Number of protein chains: 4
Amino acid sequence: MKKKNKFYLTAILLINIFTLALNAQPQFRNKINFPDILGYRSLKCDFHTHTVFSDGNVWPTFRVEEAWRDGLDVIALTDHLEYQPHKDHIPSNHNAPFQIAKKLASELDITLIQGAEITRNMPPGHLNAIFVKDGNALVKDDWKEVVLEAKKQGALLFWNHPSWVAQQPDGIAKWYAEHDWLLETGILFGLEVYNANIYSPETHQWCIDKNLAVLGNSDVHDPLHFEWEAEKVAHRPITLVFAKDSSPESVREALLDRRTAIWYDHKIIGDKKYLKEIYSKSVSIDKNKISAIGRDSKPLLVTNNSDVDYDLNLVSANPNIQFPKEMKLMANRTLKVSVRAAKEDVSVKEKVTVVYEVKNLITAPGKTLQVTYEIDFDIRPKK
Amino acid sequence: MKKKNKFYLTAILLINIFTLALNAQPQFRNKINFPDILGYRSLKCDFHTHTVFSDGNVWPTFRVEEAWRDGLDVIALTDHLEYQPHKDHIPSNHNAPFQIAKKLASELDITLIQGAEITRNMPPGHLNAIFVKDGNALVKDDWKEVVLEAKKQGALLFWNHPSWVAQQPDGIAKWYAEHDWLLETGILFGLEVYNANIYSPETHQWCIDKNLAVLGNSDVHDPLHFEWEAEKVAHRPITLVFAKDSSPESVREALLDRRTAIWYDHKIIGDKKYLKEIYSKSVSIDKNKISAIGRDSKPLLVTNNSDVDYDLNLVSANPNIQFPKEMKLMANRTLKVSVRAAKEDVSVKEKVTVVYEVKNLITAPGKTLQVTYEIDFDIRPKK
Amino acid sequence: MKKKNKFYLTAILLINIFTLALNAQPQFRNKINFPDILGYRSLKCDFHTHTVFSDGNVWPTFRVEEAWRDGLDVIALTDHLEYQPHKDHIPSNHNAPFQIAKKLASELDITLIQGAEITRNMPPGHLNAIFVKDGNALVKDDWKEVVLEAKKQGALLFWNHPSWVAQQPDGIAKWYAEHDWLLETGILFGLEVYNANIYSPETHQWCIDKNLAVLGNSDVHDPLHFEWEAEKVAHRPITLVFAKDSSPESVREALLDRRTAIWYDHKIIGDKKYLKEIYSKSVSIDKNKISAIGRDSKPLLVTNNSDVDYDLNLVSANPNIQFPKEMKLMANRTLKVSVRAAKEDVSVKEKVTVVYEVKNLITAPGKTLQVTYEIDFDIRPKK
Amino acid sequence: MKKKNKFYLTAILLINIFTLALNAQPQFRNKINFPDILGYRSLKCDFHTHTVFSDGNVWPTFRVEEAWRDGLDVIALTDHLEYQPHKDHIPSNHNAPFQIAKKLASELDITLIQGAEITRNMPPGHLNAIFVKDGNALVKDDWKEVVLEAKKQGALLFWNHPSWVAQQPDGIAKWYAEHDWLLETGILFGLEVYNANIYSPETHQWCIDKNLAVLGNSDVHDPLHFEWEAEKVAHRPITLVFAKDSSPESVREALLDRRTAIWYDHKIIGDKKYLKEIYSKSVSIDKNKISAIGRDSKPLLVTNNSDVDYDLNLVSANPNIQFPKEMKLMANRTLKVSVRAAKEDVSVKEKVTVVYEVKNLITAPGKTLQVTYEIDFDIRPKK
């Protein structure tokens, strides 16, 4: 018997090696072209993902590979604590996803954050704890005890999808006393303004009013491309974190300092001070002086050096100059627009201020960023 | 405590329902446009896939959804018996993948076949058993005993990737006495001529010489789109099975009757009798009579009504007529080509036979299908 | 000198032949998958295109090739009569575009219609005459004389882009006495409800009120893919003409009978009787009986066999059954949705009528088509 | 009558303005990500294009817009002098294309070069003159006189598609005494090694042997996307010119100095000194030190910061280290590969040199560039 066993072990060893070779599929990382701002790196993060260890359909390492491919910098694995539909086949272990994936994350320079989804009826609804140290210690009946245990571990908390129709049938987020309690614990740093493809304006307004970080996460269960197939978007919801570097400490510091924005569905949502910088680091114009005679139209080349599409609408300008009413600044492209006098007999010799609204830069529910350009005009009437 | 537990159970129940709702992502099936032939349906099959129950990275139901989306009709789940790298977290159970996925397969009308990969050193290398009844009964030290157990269960067997470099460092498949033994058992019905993106000409030739079914399978471990990202192909390797219907019985009957072909990388590999039918059911020409004067060129509209791209090279024709040297018949498109006299003073009033080689229809290693068209010409010299 | 000339002529002759060969780029026609309805063919038409013979940037034959590639059946070349910016290099000849392109159109089975754009200030604005016989005879100062000449030639007329901001700065179409005059002549059969990417609701309403054909045309000047690059649409605005065949006579008859609809930007605009047929010929459901116990959810496979995307919103249904609130039926795909009881204790044993609004099938400004399904339910409460 | 005329003129004027507005389609320029080298800019050029002024199908300004969109820096308009198939509608004027397009080129910062294709039987075949001053002065019977006139104007000459099957039915380029004469004139600076999608190895070798610039041009007649639809390539053949700036003078100087390469079909063709720089400015590796124990595999992240895809094959390395046999470095992506000891008991503590062949960087017919990496290894056997 011994002999047989030995042979068997060797076989397994060899298989192990062979299989590794077979699995060595090439892996590609896409670069996301997004400006760093205000002396910080603009980290691309997703703080809400699932694996087979709760109701997800993928192995934990896959989430890391997927994030790496998608050009992300930081992800959290946040399997449900209370909902374990695979437990007949996978005994519950709330530390396993992080333990399994951390070596690969380190090799790929992905910052992996241990998390857990506290999965309760509303209120308080679902809460994600991140920077968790021991997931199994979070299994408790009383959700407040779970929160306090998370706090003891140094974790941070955010409230997931407050407007989720399964918990708010009218799709309108509601703030409960329980959330006041969460605020008071000091552990609640942010809210999911975007969960998957759902935006919650109430939640957005709470972030502004209560000084909480805006968050946009995928809440992905299947492979990403699978869930997002019907959406006409380039990527999952991304929480942009403006941090010194991509270390867990810097991410944590940035979250506590509310240095976040959300990038999804051709929109960026966040504080004016971040959005203004992102726009001005992305877009440049080829000239700030225009001379013309009569209604001769002059080209203006507007270059967007980022992966963000910007949609601009004219707000106001000198009525003697005809600026384009709309400008779609497609990612990584240069747009040619034409500028000219509004009438044949116009004479303009001054610095003209033109204001555009950037429709997809959202500073508050229903509010967009305005940007201003100044151009020296020298327009003389045609004789 | 009782009370608490009750509450807790109710919570879990509600969560269960809610989560189902959240997960109800839209699911789309793509239609594959491929002709049925010879009174059979042309089933699109993949007999070699992995899940988290061996070294794959996805939950078993995902393989079914993925196949459904990709327009496939039949898949086998064939996790490794001997290689169980996730066993620290997922206790080995070789029936689990099939048991977990079969309900969804039935709902989606996907024929799901229980399989297992017998994972041994060469010889005999890796063998896939399909139509397995009890995977756990296949766990035995002696591989021949495994094969005999599989036979007892009514399973069929094929030899995976005979040219795999991890087992044949020169990448050349070799036939061993062990494979003769397998043939003699009557359980071996086919060989993987294509495994993932690797074609083995030796294996192809063995199929022809030994009357075995040609098979092309993905051997996928990650989500498919992930592994195939760097390949410039529309889909995974597909084993085409020409069967009466998609029931397991009909698939089995077709496999035993060697009614298969392989579709991958813009190529179809199989017996001439199948390839000829596939081509003639895919491609039509708008006219079989051409009249012209002098070298006036006449359009010929060649329509490809399938998802297969066909690449044709001219083999022979009447030297007085100039046919296109090449025709790329792109999937679901009509190609316009021009035909004309080779010289100004030519007179052709007859039925002309033109022969093309279809470069991507492979009947044997290095051999392609030839197709023949007959066109009535009436060309008169220009005066 | 004679010798030289001879040589020179031969050289030119050979060059001619050679160049033809060099230019013989492969040409592909894409198939548009759109249902024929009510015993008619659904012709894909564009009645408004330009060439270098006015202010377009392409040679007339290119418009035909482009239409053929795009899968269209019918196009009109409608160069401006009065606006000839290339005339320093191309002497005005309003019959030239049609004369140049008609041979190729015939070879490719594209119905080519001679047209001309009568290009005047508002009112009456720009008018397209189609089925013109002599474009040069339409050059007259008085636009009414042009219209009467067109009528004499048997041409038909439609009014282009009535809401064009260059002629209606507020973008709202206005009906003038001149258009009443046009109606009275009997030559005006339709209006451009869609011109390029601009929809005019006023124009749409006029078509309904005055029994005029709805038209959607590209008004393309550059190659199409060039102008439509920034639009996220699959194709140009298409006027669907429901005609016996694609002959000019049948197209004309259908236009006079107002058998048209517009397909653009994922929308179809037209009379309810056409839209209903288009939808029901496009979409099928895999079952009309559903049995379930408790809240067990049952899959419904909804197949869209056309190139049109359909977006459905639930309008009304039996409150005991939970139907999907939205269904996006992507072109040529099958959607899986789930249906189940609204509560655990429901009992439904009857034929249930469910009504959906098809958001992208527009029967009048602001009105959409409703479609009704009947499904036999047998739902029993869980015990 | 006077009155009418006045009104008519005003109408035309207004129409002019309106039409300009209608035509003002948004125009986007794509950025090509290609490294500048050796202190020069890497200009993207196409020296062979056609318009309606010979046998092309587009207006001259379109070529400029198209080049601008495609991210090119320099184009030449090179209509045939002797082949004028549109002359019944467009009177021959060999200066017109340049005159018409130059204003737009200047606005878009595209360097537009006046050219002409001298279109003769072989020998000498077709020759492109660029930097032409008066195209009409080049219309002469004797082709040598045309060349001498071109020289008088300060033009440069290259030989187009020497292997063109219409002039060399076997597709093999042949060098004639006429080409020696061209060399002697000093006006011939380069050869089309790539014309459209045809590569000529003979021509490539002549460039090396006779010190002529390699050129790859589109020879486009239709809009580009139309001709290249069936090709699976990202862009037209591009002649890379390494010049101080994009002024005509600098381009001319670079051409005379043979500072060119060709980029097409995932290949770059040119002198080793340019290709080596292009590669090393495109590709970087994340580490040059690797420590491991036993056969533990270590990730190496290889980043390609350019729009060029690079395909590498392993040539030689230390046999104790297992490097990937192939590396596909996709444009703008990072590839993760694994490196490890070839056996369990290996000890390597040294700087290891590994040589790869870059299969798509072609220095001569059949020859590719080799690149060398040096990595410090510290591998210790597993105990």
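A turn of 180° and a shift of 0.0 Å along the axis bring chain C onto chain B with an RMSD of 0.0 Å. That is the relation of a two-fold axis.

Notes on the model. This is a predicted model, in which local features need pLDDT of at least 70, side-chain atom pairs count only at pLDDT 80 or more, and totals for chains, interfaces and linings use all residues. Residues are numbered from 1 along each chain as its sequence is written, while chains are lettered from A and ligands numbered from 1 in the order in which they are written.

Entry: chains B and C. I looked up the contact, counting two residues as touching if their C-beta atoms, placed from the backbone, lie within 7 Å. Chain C gives 18 residues and chain B gives 18 residues. On the chain C side, β1 (27-30) and β19 (333-341) each supply at least two residues; strands here are DSSP runs of E, at least two residues long, and helices are runs of H or I, at least four, both numbered from the N terminus. β19(C) gives the most, with five residues. By class, the chain C side has seven nonpolar, five polar and six charged residues. For the classes, Ala, Val, Leu, Ile, Met, Phe, Trp, Tyr, Cys and Pro count as nonpolar, Asp, Glu, Lys and Arg as charged, and the others, Gly among them, as polar. 100% of the interface residues of chain C are also interface residues in chain B, so the copies meet through the same surface.

Entry: strand pairing across that contact. I found β19 of chain B (residues 333-341) paired with β1(C) in the antiparallel sense over four bridges; pairing requires that DSSP finds at least two bridges between the strands. C:Gln27 in β1(C) is the bridge partner of B:Lys336.

Entry: domains of chain A. The assignment, automatic or from a database, gives domain 1 (31-270) and domain 2 (282-380). Their centres, taken over C-alpha atoms, are separated by 38 Å. I read 12 residues of domain 1 in contact with 11 residues of domain 2. On the domain 1 side, α6 (201-210) and β12 (267-270) of chain A give two or more residues each. α6(A) has the largest share, four residues. The domain 1 side divides into seven nonpolar, four polar and one charged residue.

Terms used. Least-squares fit on C-alpha atoms with pLDDT ≥ 70 in both.
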